[in-house]
Amino acid sequence: MAQRTFSIIKPDAVRKGHTGAVLAEIEKAGFQIVAIKKQSISRAQAEGFYHVHKERPFFGELTQFMSTGPIVLMVLEKANAIADLRKLMGATNPANAEEGTIRKKFAGSIQENAIHGSDGDETAAFEIGYWFAGYELI
Ligand code: CMP
């Protein structure tokens, strides 16, 4: 059964001109792009999105970084979408990412790591609803 997940192409990858290449990897892996939009986000929007990390030492830097330039927000669909996207992305720290993964190819550091993907069912539901209205997901 098809499952939906949420993904962001982060400001580092957009800035470096990797948007098209990352989208190609996603489509090649069998994901349908249900919804997509490019926008710059405020620090406050980033803080709300990453609220589960608010006690982490990197929260300030992370939310600052996410508001440094345009990002690409997406809802993706396929069977096993959440786990399959995380596999396609590779490890959070690109130094540990497997060959062939998006982070291995395009990420520069643990913070500037090119792409985000939801880590579970509940997170995906929250993240999709945070950025997209129901009418954008038809
Ligand atoms: P993401 O999948 O978007 O979820 C949380 C983000 O926090 C993660 O990707 C990284 O970009 C960032 N992150 C996680 N751990 C660290 C860390 N130790 N230092 C800086 N940023 C981190």
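**Glu136.** I started with a polar atom of the Glu136 side chain, which lies 2.8 Å from the backbone nitrogen of Ala133. I call this a polar contact, meaning a pair of N or O atoms within 3.5 Å; within protein, one must be able to donate a hydrogen and the other to accept it, and residues adjacent in sequence count only if both atoms are side-chain atoms. Glu136 sits in the segment after α7. I looked up its accessibility and found 27%, so Glu136 counts as partly exposed. My scale here is buried under 20% relative accessible area, exposed over 50%, and partly exposed in between (1.4 Å probe, protein chains only).

I then listed what Glu136 touches: Val34, Ala35, Lys37 and Trp131, leaving out residues up to four places away in sequence. Contact here means heavy atoms within 4.5 Å. Val34 is 102 residues from Glu136 in sequence, and their C-alpha atoms are 8.6 Å apart in space.

**Ground rules.** I note that this is a predicted model, in which local features need pLDDT of at least 70, side-chain atom pairs count only at pLDDT 80 or more, and totals for chains, interfaces and linings use all residues. Residues are numbered from 1 along each chain as its sequence is written, and side-chain values use heavy atoms, with hydrogens and water left out.

**Ser118 and Glu127.** Which side chain does the side chain of Ser118 make a polar contact with? I found Glu127 as the partner, at 2.7 Å. Ser118 is in the loop between β4 (115-117) and α7 (121-131), while Glu127 is in helix α7. Helices (H or I, at least four residues) and strands (E, at least two) are DSSP runs, numbered from the N terminus.

Buried or exposed, I asked, for Ser118? Its relative accessibility is 0%, so Ser118 counts as buried. Glu127 is buried too, with a relative accessible area of 5%.

I also wrote down the contacts of both, leaving aside neighbours within four places in sequence. Ser118 is in contact with Thr5, Phe6, Ile82, Arg86, Thr123, Ala124 and Glu127. For Glu127 the contacts are Phe6, Phe49, His116 and Ser118.

**Positive phi.** Next I looked at backbone angles. Asn80 has a positive phi of about 60 degrees although it is not a glycine. Its place is the loop between β3 (71-79) and α5 (81-89), and Asn80 is partly exposed at 44% relative accessible area. Ala114, also not a glycine, has a positive phi near 70 degrees. This residue lies in the loop between α6 (102-106) and β4. At 0% relative accessibility, Ala114 counts as buried.

**His18.** I found His18 in the loop between α1 (11-15) and α2 (19-28). His18 is partly exposed, with a relative accessible area of 21%. Apart from residues up to four places away in sequence, His18 touches Ala13 and Phe106. Phe106 is 88 residues from His18 in sequence, yet their C-alpha atoms are 7.4 Å apart.

**Lys105.** Lys105 lies in helix α6 and is partly exposed, at 43% relative accessible area. With residues up to four places away left out, Lys105 touches Glu25 and Gly100. Its C-alpha is 8.5 Å from that of Pro94, 11 residues away in sequence.

**Whole chain.** Last, I stepped back to the fold. I counted 7 helices and 4 strands in the protein chain, in the order β-α-α-β-α-α-β-α-α-β-α. The radius of gyration is 14 Å, close to the 14 Å that the globule rule gives for 138 residues, so the chain is as compact as a globular protein of that length. That radius is taken over C-alpha atoms, and the rule is 2.2 Å times the number of residues to the power 0.38. Along its principal axes the C-alpha trace spans about 40 × 35 × 25 Å. Of the 138 residues, 43% count as buried. Among contacts with a separation of 6 or more, 77% come from residues 24 or more positions apart.
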